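Here is a short briefing to read alongside the structure. Take a look at the two chains first, and then walk through the points below.

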Amino acid sequence: MSKFQRVFSGVRTWVARHREQLWAYLFIAPGILTFLVFNLFSTLASVGISFTDWRLLKPPNFVGLANYQRLFADPVFSKALVNTGIYTFVGVPVGVFLALLLAMALNQQIKGITFFRVAYYMPVISASVAIAMVWMWIFSRDYGILNYLIRSLGGTSVDWLNNTKTVLLAATIVSIWKDLGFKVIIFLAALQDIPEDLMDAAKIDGARWWQQFTRVVVPLISPAILYVTITGFIGAVQGFDIVYNMRFDHDGGPARATTTLAFYIWEMGFSNLRMGYAATLAIALFLIILLITFIQWRLRKRFVYAEV
Amino acid sequence: MKQRNRYILLFAVLLALLALSACGASPEEAEKQEPEAVETSADVSSISEEIKESEEADEGAEESEQETEEPEAEGSVWDFEAEPVEISVMSFFASDNLEVEQGVVDAFEGAYPNIKVSYENISFSDYFTVVTTLAAGNDLPDVLAMNFEEEARYADLGVLEDLTPFIEKENFNLDKYYASTVRMHQHSGIQAGLPATFSIVINFYNKTMFDEAGIPYPTEDWTWDDLVDAAQKMTQDVDGDGIIDQFGYVVGWWPNFVYQNEGTILNEEGRCGLTSPEAIEGLQLMVDLTLDPEQKIAPDRAELSASGDWDRFMAGGVGILPNGTWAITPFKENIEDSFEWDVMPFISFNKQATFMFGNAYSMTSTSKQKEAAWEFIKFATGEEGSRIRQAGEYETSPVKAVGAKDFIESTNGVPEHAEYFLDATEYAILPVAHPLWGEIHGIIWPELELALLGEQGVEEAMTAACDGVDTLLEENGY
């Protein structure tokens, strides 16, 4: 046996022994490679870019922590932080609550239930631009249906989209509406997973509707609640498309009232060509998401029932 | 045996995957790596050497010689006998009618058979995203269409080649362009492009609405008071539902209100000048025309967000609209016969000042075929290229011989007084073209918007804006 043959047969035995693993790696290769190239590499690159003054059109210079210092002195960043906070901490809890109510309503055996289930999912798969356009009409000061309702109830028109105090609320409402269907589907699946006998047992034991809900339903779907809340938070903190499209000028206005963190990153990077600072903002956003997810993950031990 | 084959296959697939992910070259890149392309780039250096040699041999004589042979190539030093080269050109001109700029490219290829142009047109809304991405990937074309505001930034960042040496080398005559259009493309001490089009803002007006309100058509002698009187008569709640649905006027771009009152955005020291009494007074008028019930002749921010100024004008809801040359074609197509319209001079409340905008063809500093790129720029901005573009009704030609005559002809009598656009070159001014203009505007506008919404006073707004702008300028060493 020559040396080559020995090595070759060695490889062959190794391959034979790890056959199944190799097949597994082959099948996950496309996913992993895409992840490595487009996610992991880009993420690591942004860390590097955040220490430079890269303006896209010129080679970058290393500037140390200057971008991070700027972060703390930047009034627009703090404004964006507050806006993102309102957008998220109002939008997500309200969205989760409404979705749960709707899911329970849609879990009934009534006629045409499929139609309603589809209807609530439509916004999720609709283009944000189209959704924003429709809602801009709804919110319009003079011609909007919302103000028409307000006026017919004796109120005065609110200039939803141009008032710095209402525009973010309007955007939050749209984002809740858009994502509702996704949350409802998850809850619906969880609700349908609840064994009938548990509910029957609760009824026989004399549990009222409210008790059934808090003692049986909520604990059993708590993993779904956790999942929907975490993904909801991550999605809302990254909120961009609705605020971008609900302004004709795409300016995050009026007067920065709809400038979210994600919007500010876009503006810095692609409008102002300050990639270094944009990367710094992105890392700040990443840390915020990490923190929120970490807190929620820790809280799951207290509130989430029986992880499978 | 069968199994081993399978592993060989598996290995091959993995390798192919790796190759795909590692060098995800775009088709264009792949093309460039082909041997023929390498040969052409080698040819360029020999061509430029040849040009140098021939220049040394017979300076001056060549120019006249070529003019007789190739009348299209005016003042050209291009060697028509040389091996073909390829240049890439990217443009946003006339994106809604692709044949227009393609016609310019075809004409160039006809006149210069040994320069092949790989041409791409991208709509303006995506154009600078694409260009920036290409610049970041060091893959810019040889020639870029530029609007003068972005040009300022690109020139500052060193992306654009200074055309002065090319102009001087062959004594290229810049007098054929309107001088202001040439000046418009000088940034950061370089001639960053040659003018391809320009446009000017004057007033469009709805003749039918004037008739209905019983107001005689505006004349060249109109003053600001005449305009306000007419606009007040036209500002009405026509259907009586309590909402004003017809406006006499629309406030245009905010810097206009500053310059009309002899204010400046950036003062002589290069700092924010918006806190000056002139600037504040001008902007206060802008606010009053939309918000003060006594003076209201124009839609406010909310009314404009319900329906924009273009839509309102095209729907017959605006009497007088300040807007640019670019609006002529869309207005013709959308208004059709629903009402009569024309243009009138821009009317200012203090100093006659309107804005001139413009586009250029620029050469990228990374271009490997600068001589050929220069020939393209000269041709596409010159008389012949300009004439094709003008016939396609894309803005106004900065070439005097074309702009003055063909522009008026291309409008076919609508608007009737198209010459007012050309007259406005006399009093038009260039907007600020600072490399940081986008960011400067991003600081001023939110503050001004609060004033336009009535949420803060103009002076307060401008004080806050100037603080931000001055900090930005200082931090960036301006």
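The domain bounds used here come from an automatic or database domain assignment. With those bounds, the C-alpha centres of domain 1 of chain B and domain 2 of chain B lie 32 Å apart. Please keep in mind that this is a predicted model.

**Domains of chain B**

- Domain 1 of chain B covers 69-198 + 358-409, while domain 2 covers 200-357 + 426-475.
- Where the domains meet, 14 residues of domain 1 of chain B are in contact with 11 residues of domain 2 of chain B.
- On the domain 1 side of that meeting point, helix α7 (residues 148-156) of chain B gives the most, with 5 residues.
- Sorted by class, this side of domain 1 of chain B, touching domain 2 of chain B, has 4 nonpolar, 5 polar and 5 charged residues.

**A buried strand in chain B**

- Strand β8 (residues 318-324) of chain B has 7 of its 7 residues buried, so it is largely enclosed by the rest of the structure.
- Strand β6 (residues 194-206) of chain B runs antiparallel to β8(B), and 5 bridges join the two.
- Within this pairing, B:Phe204 has B:Leu321 of β8(B) as its bridge partner.
- Strand β7 (residues 247-249) of chain B pairs with β8(B) in the parallel sense, over 2 bridges.
- In β8(B), B:Ile320 is the residue that stands opposite B:Tyr249.

**The fold of chain A**

- Chain A has 13 helices and 0 strands.
- Its radius of gyration is 25 Å, well over the 19 Å that the globule rule gives for 308 residues, so chain A is more spread out than a compact globule.
- Taken along the principal axes, the C-alpha atoms of chain A fill a box of roughly 95 × 65 × 35 Å.
- Of the 308 residues in chain A, 31% count as buried.
- If you take the contacts in chain A between residues at least 6 apart in sequence, 70% of them join residues at least 24 apart.

**Where chain A meets chain B**

- The two chains touch through 28 residues of chain A, which are in contact with 27 residues of chain B.
- On the chain A side, α2 (19-49) and α12 (261-271) each supply at least two residues.
- Helix α2(A) gives the most to this side, with 5 residues.
- By class, the side of chain A that touches chain B has 15 nonpolar, 6 polar and 7 charged residues.

How values were computed
Residues numbered from 1 in each chain as written. Chains lettered and ligands numbered in written order. Predicted model: local features only at pLDDT ≥ 70, side-chain atom pairs only at ≥ 80, totals over all residues. Contact = placed C-beta atoms within 7 Å. Helix = DSSP H or I, 4+ residues; strand = E, 2+ residues; numbered from the N terminus. Nonpolar A, V, L, I, M, F, W, Y, C, P; charged D, E, K, R; others polar. Rg over C-alpha atoms; globule rule 2.2 N^0.38 Å. Buried ≥ 20, exposed ≤ 12 C-beta atoms within 10 Å, placed from the backbone. Pairing = 2+ DSSP bridges.
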